[in-house]
Amino acid sequence: FGLETLRGSEAGLKTVNLDFTEKTTYKRGATDFSSQVAKMKAAGCEMVVLGTILRETIGTIGTARKMGFNPIFVGSSAAYTDLIHKLGGPAMDGLYAAMTVQHPYLDEASQPIRFWANKYKTKFNEDPAVFSVYGYGAIDAFIQVAQKAGDNLIITAFEGPDDARDHHLRGLRLALRLAHPGAVGAAPGGLALSLAGAGVPGPAP
């Protein structure tokens with residue numbers, strides 16, 4: 001996972017004729033990130049790309065704040081979860097994370113998202129999260145494609161033209177592309193900023 005994040009970041013920087021100022025790694029299960037943060041700080045990094053998930057994201061940013069190191073932190077969609085600021089607290093404010101779905105807040109300004117989130121709350125008696133949308137979207141996408149396939153539910157039925165594979169979950173800003181040659185994830189996406197304990201989405205490209 002970290003290697004994929006690194007390669008993607010390197011490819012992105014290459015398009016603007018830039019390269020990383022510094023790189024560092026951590027071992028699986030690590031809980032102390034002081035040496036990595038110190039290395040980034042010494043190099044004068046203004047932005048840090050995180051190939052991290054939950055614990056490592058919180059640990060790295062929390063350590064950086066304590067050391068007086070406050071660059072722009074950018075994470076992948078693995079870091080786009082309300083658990084980051086629930087567990088990490090105010091120190092997580094300012095984290096940017098890629099997103100392929102929008103967190104379904106119960107008081108979301110978007111009516112379709114707000115409606116879905118509250119229906120979920122009524123059904124399961126707990127607030128929905130991005131993982132709720134991932135699961136719902138995956139099953140909903142399968143159902144829609146399976147309905148089009150009818151009784152002929154074989155693998156090739158899922159390999160139609162792009163417009164048959166593209167699935168946009170109604171109003172929830174989730175987009176999936178199924179069986180796309182060479183694709184390893186969702187095609188569209190966006191960037192969200194963690195601010196005052198909530199993820200504020202930006203426009204999806």
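The model is predicted, so local features need pLDDT of at least 70 and side-chain atom pairs count only at pLDDT 80 or more, while totals for chains, interfaces and linings use all residues. Residues are numbered from 1 along each chain as its sequence is written, and side-chain values use heavy atoms, with hydrogens and water left out. Helices (H or I, at least four residues) and strands (E, at least two) are DSSP runs, numbered from the N terminus.

**Helix 5**

- Let's begin with helix 5, which covers residues 111-124, 14 residues in total, and reaches 20 Å from its first C-alpha to its last. That is close to the 20 Å expected at 1.5 Å a residue, where the expected span is 1.5 Å times one less than the number of residues.
- The buried residues of helix 5 are I113, W116, A117 and Y120; buried means under 20% relative accessible area, exposed over 50%, and partly exposed in between (1.4 Å probe, protein chains only).
- Viewed down the axis, the buried residues of helix 5 fall within an arc of 100°, so they line one face of the helix. The arc is that of the directions from the helix axis to the C-beta atoms.
- F115, K119 and T122 are exposed on the other side of helix 5.
- Helix 6 (130-149) is what the buried residues of helix 5 pack against, with contact meaning heavy atoms within 4.5 Å.
- Just after helix 5 comes N125, with a positive phi of about 60°.

**Helix 2**

- In helix 2 (residues 34-42), Q36, V37 and M40 are buried. Their arc around the axis is only 95°, which puts them on the same side of helix 2.
- S35 and A42 are exposed on the other side of helix 2.
- The cover over the buried residues of helix 2 includes strand 1 (47-50) and helix 3 (55-66).
- G44 follows helix 2 and has a positive phi, near 70°.

**Aromatic pairs**

- There are five aromatic pairs in the structure. Rings of Phe, Tyr and Trp (its six-membered ring) pair if their centres lie within 6.5 Å; planes under 30 degrees apart count as stacked, over 60 as edge-to-face and the rest as tilted.
- The ring centres of F131 and Y134 are 6.1 Å apart and their planes stand at 70°, so this pair is edge-to-face.
- Both F131 and Y134 belong to helix 6, three residues apart, about one turn of the helix.
- F131 counts as partly exposed because its relative accessibility is 48%, and Y134 counts as partly exposed at 27%.
- W116, Y120, F124 and Y136 are linked into a cluster by ring pairs.
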